[in-house]
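Colleague: Please take me through this model one feature at a time, with the general idea before each case.

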Amino acid sequence: MNKNMLRVGIGLMVLIGLATGMAVLIPQTEAFRGTLYDPAQKAPEIELIRNDGSVYRLSDQRGNVILLFFGYTSCPDVCPITLSELKKVNEELGGENGQVQVVFLTVDPDRDTPEVIQKYVSIFNPAFIGLSGTLQELEPVWKEYGVYREIEQASSSALGYAVTHTARVYVIDQEGNLRLSYSYGTPTDDILHDLKILLK
Amino acid sequence: MRYTLNKKWMVIPFVIVAVILSACAPTSVQRLQATDVWARPGLAGGNSAVFFIIENPGKEDVLLSASSMVADAVEMHRTSMQAGVAKMDQQMSVLIPKGKTEFKPGDLHVMLIGLKKDLAVGDTFDVTLDFEKAGEQTITVTTLAP
């Protein structure tokens, strides 16, 4: 065998050995697929009265991963699509779904009372939480989460008005930190992938 | 003077009558086919949306309106996303060109406003679609799991 070829062969083997060793020794950082809050920030507090009279306080939910979505029950499309996807995510998580809480918070308090919104989310999953409140209670929450929400009059429609709103899903981790968000239409596999990392 | 009528000329009155009759007959209505018809569940007093695919084998048509006994009002809407913000616009009519037109989640849909009773999974109901050329066509909608 040509000496040069032998040197090249040995060199290649050394390189492969080094690469394999590095892959084993250096732990892989699992990349999230959602939009990451880096660094993670404390999730703004949410404190609202539920339909059964109990108080829902976000800071009391430590230990759970929260999937938070802002929408309204008269929304014919984007909100039910998103809730259907979160339902699917919840089902796919199987035994781990007890640690994941889906919260649907209204952007239409005039129509969505705590009773209406809880009944609505229960169509998707009875464990989902529907929250509403007064405009004074909700406005700071929308603002802190960066939710755009605007009433659009629709005089020719029986709806009377529609609510144009941000359609992101926010993820709050077990320590109460805002970790990730997803745009509308993010594949459920991506959300599942990230939740499995958080639940490890 | 005697005239003998050639047999082929005797056919002419029948042809004329046939042409007149065909002109007077109603124009055959083009059939539009609706498939994959479904709706989301909804609560009494709330809303739902109906989705379907219209197959138009003929000339362009226009969907003028939709109606149903299950809701106080039935309207056509289109959802759109603009820079991450969900928006919904009422459609006063919807063009149905030759080929497929999809009423699908995140896009066009027939909206049921003010449901008269809960729409549960498995429930079926009728929606009548009124087309400019094809006229009224009733479709049976099945409520599917969200």
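Colleague: Is A:Arg57 buried, exposed or partly exposed?

Modeller: The general idea is a scale of relative accessible area, on which buried means under 20%, exposed means over 50% and partly exposed lies in between (1.4 Å probe, protein chains only). With a relative accessibility of 26%, A:Arg57 counts as partly exposed. Keep in mind that this is a predicted model, in which local features need pLDDT of at least 70 and side-chain atom pairs count only at pLDDT 80 or more, while totals for chains, interfaces and linings use all residues. Residues are numbered from 1 along each chain as its sequence is written, chains are lettered from A and ligands numbered from 1 in the order in which they are written, and side-chain values use heavy atoms, with hydrogens and water left out.

Colleague: Which residues are linked with A:Arg57 in a network of salt bridges?

Modeller: In general, side chains of opposite charge can pair when their charged atoms come close. The criterion for a salt bridge is a side-chain nitrogen of Lys or Arg within 4 Å of a carboxyl oxygen of Asp or Glu. Here A:Glu47, A:Arg57 and A:Asp60 form such a network. The side chain of A:Arg57 meets that of A:Glu47 at 3.4 Å, N to O. A:Glu47 belongs to strand β2 of chain A and A:Arg57 to strand β3 (residues 55–57), so this pair ties together parts that are 10 residues apart in sequence. The salt bridge between A:Arg57 and A:Asp60 has its closest N and O atoms 3.0 Å apart. Over all chains, the structure holds 10 salt bridges.

Colleague: Where is B:Lys87 found, and what does B:Lys87 touch?

Modeller: Strands (E, at least two residues) and helices (H or I, at least four) are DSSP runs numbered from the N terminus, and B:Lys87 is found in strand β5 of chain B. B:Lys87 forms a salt bridge with B:Asp89, with 3.1 Å between the closest N and O atoms, and B:Asp89 is partly exposed at 31% relative accessibility. Contact means heavy atoms within 4.5 Å; leaving aside residues up to four places away in sequence, B:Lys87 touches A:Glu152 and A:Thr164 as well as B:Arg78, B:Thr79, B:Ser80 and B:Gln82.

Colleague: How many residues does each chain give to the contact between chain B and chain A, and how is the size of an interface expressed?

Modeller: The size of an interface is often given as the accessible area lost when the parts come together; buried area here is that loss (1.4 Å probe), summed over both parts. The contact takes 26 residues from chain B and 26 residues from chain A. About 2,000 Å² is buried between the two chains, and carbon and sulfur atoms give 64% of this area. On the side of chain B, B:Arg40, B:Leu43 and B:Pro146 lose the most area to chain A, together 27% of what that side buries. Two salt bridges are counted between the chains; B:Arg40 forms a salt bridge with A:Asp77, the closest N and O atoms being 3.6 Å apart. The elements of chain B that give two or more residues to this side are β2 (47–56), β4 (71–82), β5 (85–91) and β8 (108–115).

Colleague: Which residues of helix α4 of chain A are buried, and which are exposed on the other side?

Modeller: An α-helix has 3.6 residues a turn, so residues three or four places apart point the same way. In α4 (residues 135–144) of chain A, the buried residues are A:Leu138, A:Val141 and A:Trp142. Seen down the axis they fall within an arc of 100° (taken over the directions from the helix axis to the C-beta atoms), so they line one face of α4(A). A:Gln136 and A:Lys143 are exposed on the other side. What covers the buried residues includes β2 (47–49), β4 (65–71), β5 (100–106) and β7 (149–154) of chain A. After α4(A) comes A:Gly146, whose phi is positive, near 70°.

Colleague: Which residues are buried in helix α3 of chain A?

Modeller: In α3 (residues 114–124), A:Ile117, A:Gln118, A:Tyr120, A:Val121 and A:Phe124 are buried. They cover an arc of only 160° around the axis, which puts them on the same side of α3(A). Their cover includes α2 (78–92), β5 and β6 (129–131) of chain A.
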